[in-house]
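Subject: Structure handover

Hello,

Here is the structure I said I would pass on. My notes on it follow below.

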Amino acid sequence: MSLFRANPVLGREVGVRLRLSRYSKVNKIAIYSTVFGLLPVVYVLTLRLLFTRTSMNAGRDFYSAWMLLIEMTAALLLPAALTASASTSEREKQTWNALLLSRLSDGQVVIGKLVGALTPLGILFAMFFPINLLAALVAEVRPTTFIAGHAVLIAAGLLSASIGLFCSWAFRRTQIALVVTVLSLLVVMLGAPLLYVLTDMANSYTGMRTETFLPFWFNPYFAMQRLAENPDNLGYRELVPATTITYLVASLLASAMMLFTVTKRLKLGPEELTH
């Protein structure tokens, strides 16, 4: 069977994420308030900001802040929070072994869990895409920069989901998997800035250029920042900065390695039958 077509794990995971009936009344109120209350307010405030201050710099500041602070943070935190319990919750409900012994392929199990976790992030990006597009038009963001920025968001979301899925496979308890996932994300998000500060302190605050500090090339926020800033002010003329390309390649390779490891291990079946 195809990894996507006729995949019951994929259908179940996506259905669970989208089925409002499984949520408590408090969560339902929060969801409806966000969609029908907060979202219109965000759109109104954005339109007022962009059309009362129509300068390119104002649009670029808003576009940079939105992509860096809101969407990138969501891309890094939301998928991992959903995948960190992908396997452990099945083990705790004692349904994991039955899933592995079914006629489903290991690839279908992994893809189903992965896509199910990325579905809410995709919905979130779709709801705010008009804001991104409008801010990019006001800021006169180049089409290649706009596309590359969303590619970075997708790569960050995929890396986050892969980390959570890998930790969920590696540890048997949800709490431990969640803690290790959060620590891993903190390294991804804050590791390069901390290394930069420590290295600069060791060099007596010589003021190293961030673009020459190699760990920054693997930081999602730095990759997005290089895209969001004005290329003429930064002095580069290429369509996409090399730092952004490096992050895209590195994050996709890391995601592929973790997913391949999990998939290969699932081929062996339940752990109880492999010892």
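Start with Phe 128, which, leaving aside its neighbours within four places in sequence, is in contact with Leu 39, Val 42, Tyr 43, Trp 66 and Glu 71. This is a predicted model, and the contacts are read from it as it stands. Phe 128 belongs to helix α6. Its relative accessible area is 12%, under the 20% limit, so Phe 128 counts as buried.

Now the overall layout. The protein has eleven helices and zero strands. Of its 275 residues, 43% are buried. Among contacts between residues at least 6 apart in sequence, 79% join residues at least 24 apart. The accessible surface comes to about 14,800 Å², and carbon and sulfur atoms account for 69% of that area.

As background, nonpolar side chains in soluble globular proteins tend to be buried together.

Thr 83 sits in helix α3. Thr 83 is buried, because its relative accessible area is 0%, under the 20% limit. With neighbours up to four places away in sequence set aside, Thr 83 is in contact with Lys 113, Ala 117, Ser 160, Ala 161, Gly 164, Leu 165 and Ser 168.

Thr 263 is in helix α11. Its relative accessibility of 17% is under 20%, so Thr 263 counts as buried too. Thr 263 touches Asp 106, Gly 107 and Val 110, again without residues up to four places away in sequence. Its side chain also reaches the backbone oxygen of Leu 259, at 2.7 Å. Thr 263 and Trp 169 are 94 residues apart in sequence, with 10.0 Å between their C-alpha atoms.

How much of α9 is covered? Mostly covered is the answer, as eight of its nine residues are buried. These are Pro 220, Tyr 221, Phe 222, Ala 223, Met 224, Arg 226, Leu 227 and Ala 228. The N-terminal end of α9 is capped by Asn 219, whose side-chain oxygen lies 3.0 Å from the backbone nitrogen of Tyr 221.

Last, the surface. Leu 178, Val 179, Val 182, Leu 183, Leu 186, Leu 190 and Leu 194 make up a nonpolar patch there, with about 610 Å² of accessible area together. One of these, Leu 186, is part of helix α8. Its relative accessibility is 41%, between the limits of 20% and 50%, so Leu 186 counts as partly exposed. As for the spacing along a helix, an α-helix has 3.6 residues a turn, so residues three or four places apart point the same way.

Regards

How values were computed. Residues numbered from 1 in each chain as written. Predicted model: local features only at pLDDT ≥ 70, side-chain atom pairs only at ≥ 80, totals over all residues. Heavy atoms only, no water. Helix = DSSP H or I, 4+ residues; strand = E, 2+ residues; numbered from the N terminus. Buried < 20%, exposed > 50% of the residue type's maximum accessible area, 1.4 Å probe, protein only. Contact = heavy atoms within 4.5 Å. Patch = residues over 30% accessible without salt bridge, like charges linked within 9 Å, V, L, I, M, F, W, Y side chains within 5 Å. Areas by Shrake-Rupley, 256 points an atom, 1.4 Å probe, with all protein chains shown as cover. Salt bridge = Lys/Arg side-chain N within 4 Å of Asp/Glu carboxyl O. Polar contact = N/O pair within 3.5 Å; in protein donor to acceptor, adjacent residues only side chain to side chain.
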